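Here is a short tour of some local features in this protein chain. Have the structure open and follow along.

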Amino acid sequence: MQLFANTQSLRDEIINLAASCGLDKPCYVRMLDYTISLFESQGLGKDYYGYHNISHELEVTYVSLIVLKWKSILNNIRKEDFKYLYAAALFHDFDPQKSVDKPHEDNVIKFLTCDNNVKQLCRDADLDIDIVKALILRTTYPWKGVLKENAERQIHEFFSASPITKNDKKMQEYYMQLGWLLSVVDRVSGYALGDFVKAMDMAKKNAHALAWHPSFIVKRSVAYFEDLLNDESVMCETVLRALPKHMRKNFMDVVTGFLNLRQQEIKIQSEYIYENLRLVPRIESMKIRDDPQFLEMLLEIYNELPIPLQFDRMHFEKTMKDQKTILNTLRLGSVDGPIIGFAKGGPLENYTLRPEITDENYGKFNTVFLEPIALKMGYWGLHGGSEMRHLFTMQAHSMNYKYLTSFALRDVIQKRIEKHEKAEFVAKFDPERWDYYRIEL
């Protein structure tokens, strides 16, 4: 885990691995550094709250090189094609100007076609860029329906344009297999390079990028892994066999972890449906907010939030004891039951938000800021979050605030506006689509 704590250490490992695979020319380092520089300059570094950041790009490249180091792979991949897998892995989500998190393969191809630096780097490495583009298009997911048809049509055009594959069906099939390998590496790599905490953070980022409600995270993650292990079992087994034992274990532990969580979710939902489960929101007194055990329980739930959604983490305990902080919890069964979630916030002036935000009410002390709702996994989708939000709004109104501001997915805010809530967008952010909005109380 420490290895991947920063971009620099992962970069160094990639350079070492690439050299051991025969990719030791300076052009490969320049290719790597150009990718890192471009992503970070566009705000897509490791701190970007989205799945497809520079960390993902580098992790896929790193695991691709590990696969190439596996001796058995030499029977299936020509050594002169190692550079193609390297370049395609590095550029596979190369859409630094994206308007949404999930890169659109057409945009990636367009960027690679127009970017003069990429074209020069490919020339320096003696790469046929049409082959690189074909490999990237094969990473299209899901590989079915209209997406597959569109990708296959473009791949055929690139194969026809390349002297390596033109009129050579055998070579075309070979590169399609290489692209399939990259596609599976793309979906395995991040989950093989860490523990379940890292995997859950990735799943939450992916859900955010696709505007999923949190209640879908575990369910769709399970479907994702089942599709990979069952429908693409041949290539998935090939990739997993090529990985070191601890990485294979990481991946399978993650799969098992999501399966166990899904079973827990089904049990919770069953109890809720049969009315054996009551979710009770409660306004918490200052007395209980001084209780260290109470703070510890809330901090445990708070830690389940992705780090970018943990506002003012350094002063969590201090803000809990501030009388201006509004806090309510969601409890199981009764007002004294186990805590499974909470809503927290306070005066807008107590928070440092994104520098791009200009809130006209800042400094007027008439606005309360609601931090992202914190809820234990398994309890999303049972309306507990909505109940806490409504209770928080009532508390803010009773304290004579005129406005409430917070962050939410763009689609969620739009639905609230359509339901005639007095809501408005204050600042929109792309590609995250995690926008800052205001409600008149």
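## A cis peptide bond in a loop

P142 sits in the loop that runs between α7 (129–137) and α8 (145–161). The model is predicted, and in it Y141 and P142 are joined by a cis peptide bond, with omega about 0 degrees.

Next, have a look at helix α1, residues 7–20. Its 14 residues should span 20 Å at 1.5 Å a residue, and the end C-alpha atoms are 20 Å apart, so the two values agree.

Which residues of α1 are buried? They are T7, S9, L10, R11, I14, L17 and A18. The buried residues of this helix pack against α2 (26–41), α3 (54–69) and α4 (82–91). After α1 comes G22, with a positive phi near 90 degrees.

H383 is not a glycine, yet its phi is positive, about 70 degrees. You will find H383 in the loop between β5 (374–375) and α17 (384–398). With a relative accessible area of 52%, H383 is exposed, because the cut-off for exposed is over 50%.

N400 also has a positive phi of about 70 degrees without being a glycine. This residue belongs to the loop between α17 and β6 (403–409). N400 counts as exposed too, at 66% relative accessibility.

## The β7–β8 hairpin

Strands β7 (residues 423–427) and β8 (residues 434–440) pair in the antiparallel sense, over four bridges. A423 has I439 of β8 as its bridge partner. The two strands form a hairpin with six residues between them. In the turn, R433 has a positive phi of about 60 degrees.

Technical notes:
Residues numbered from 1 in each chain as written. Predicted model: local features only at pLDDT ≥ 70, side-chain atom pairs only at ≥ 80, totals over all residues. Heavy atoms only, no water. Pairing = 2+ DSSP bridges. Expected span 1.5 Å × (residues − 1). Buried < 20%, exposed > 50% of the residue type's maximum accessible area, 1.4 Å probe, protein only. Contact = heavy atoms within 4.5 Å.
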